[in-house]
Amino acid sequence: MTAAAARGAELGATPIMPGGGAALRFLAALLDARAVVEIGTGCGVSGVWLLRGMNPEGVLTSIDLEAENQRLAKQAYADAGFATARTRLISGAALDVLPRLTDAAYDLVFCDGEKKEYGDYLREALRLLRVGGVVAFDNATWHHRVADPAQRDPATITIRDLGKQLREEPGLVPTLLPVGDGLLVAVKRES
């Protein structure tokens, strides 16, 4: 994890903080997750956390626009002892790839990609998740900016609006976990 995080920092792909990663591992274990989608591979840190919590036969599908990120993520997965069959890396823009994935086939969707696309990721996650599945968004406090109404930059506004969307979405039970930079999670209760 330390080596993967260092490689990510060199590329500007900030990894999930340990508290957020531990929460992802816990959620994957709680769900006995066999099928997980990750939006934003980074350099593999969050993927390792997810794989550590998933069912031993589970497969992580990770999407990233940057091929170099995925190359480094493969190295992180191998260093952590995971077989290549446990991961499926897809290079491309998340909003181009997600529509090709199977409806209601996933236990967990983790979003840590383009902040301005978080609302679109939610729409896709609702389609991809089975009933009882969980969607999770990293950076939900966005470096303590979301709670400050004076902060009006596009990323902060998008994340603030996402919280409202989750609260108002019928069939979801959301909460904000105060770990790392904030992990906004919601359980899908109905189709």
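The second largest pocket is lined by 15 residues, and Ala-140, Val-146, Gly-163, Leu-176 and Leu-184 lie nearest its centre. Helix H7 (154-168) and S6 are the elements that give two or more residues to that lining. This is a predicted model, where local features need pLDDT of at least 70, side-chain atom pairs count only at pLDDT 80 or more, and totals for chains, interfaces and linings use all residues. Residues are numbered from 1 along each chain as its sequence is written, and side-chain values use heavy atoms, with hydrogens and water left out.

**The two pockets**

- A pocket here is an open set of points on a 1 Å grid over the protein atoms alone, where a 1.4 Å probe fits, with protein on both sides within 12 Å along at least five of seven lines; lining residues have an atom within 4 Å of a point.
- The second largest pocket holds about 240 Å³ of space, a volume being the space filled by probe spheres set on the points, with grid points joined across faces, edges and corners.
- H7 gives the most to the lining of this second largest pocket, with six residues. Helices (H or I, at least four residues) and strands (E, at least two) are DSSP runs, numbered from the N terminus.
- By class, the second largest pocket's lining has eight nonpolar, four polar and three charged residues. Ala, Val, Leu, Ile, Met, Phe, Trp, Tyr, Cys and Pro count as nonpolar, Asp, Glu, Lys and Arg as charged, and the others, Gly among them, as polar.
- Over in the largest pocket there's about 720 Å³ of space.
- The largest pocket has 35 lining residues, with Gly-40, Asp-64, Asp-112, Gly-113 and Glu-114 lying nearest its centre. Two or more lining residues come from each of H3, strand S2 (59-64) and helix H5 (94-97).
- That lining of the largest pocket splits into 14 nonpolar, 13 polar and eight charged residues.

**Helix H2**

- H2 (residues 18-30) has 13 residues and spans 18 Å from its first C-alpha to its last, close to the 18 Å expected at 1.5 Å a residue. The expected span is 1.5 Å times one less than the number of residues.
- Gly-20, Gly-21, Ala-23, Leu-24, Leu-27 and Ala-28 are the buried residues of H2. They fall within an arc of 160° seen down the axis, so they line one face of H2; the arc is that of the directions from the helix axis to the C-beta atoms.
- Buried means under 20% relative accessible area, exposed over 50%, and partly exposed in between (1.4 Å probe, protein chains only).
- Turned away from the buried side of H2 is a face with the exposed residues Pro-18, Phe-26 and Leu-30.
- What do the buried residues of H2 pack against? Their partners are helix H3 (45-53) and strands S4 (106-111), S5 (129-138), S6 (172-177) and S7 (183-188).
- Ala-28, found in H2, is buried with a relative accessible area of 0%. Leaving out residues up to four places away in sequence, Ala-28 touches Ala-33, Leu-50, Gly-53, Met-54 and Leu-108, where contact means heavy atoms within 4.5 Å.
- Ala-28 and Gly-58 sit 30 residues apart in sequence and 9.9 Å apart in space, C-alpha to C-alpha.

**Helix H1**

- Ala-4, Arg-7 and Gly-8 are buried in H1 (residues 2-11). Their arc around the axis is only 100°, which puts them on the same side of H1.
- The H1 face turned away from the buried side carries the exposed residues Thr-2, Ala-9 and Glu-10.
- Packing for the buried residues of H1 is against H3 and helix H4 (67-79).

**Positive phi angles**

- Most residues other than glycine have a negative phi.
- Asp-32 isn't a glycine, yet has a positive phi of about 50°. Asp-32 sits in the loop between H2 and strand S1 (35-39) and is partly exposed, at 41% relative accessible area.
- His-144 isn't a glycine either, and its phi is positive at about 70°. You'll find His-144 in the loop between S5 and H7, exposed at 69% relative accessibility.

**Arg-130**

- Arg-130 lies in strand S5 and is partly exposed, with a relative accessible area of 26%.
- Not counting residues up to four places away in sequence, Arg-130 touches Leu-31, Ala-104, Tyr-106, Asp-107 and Lys-188.
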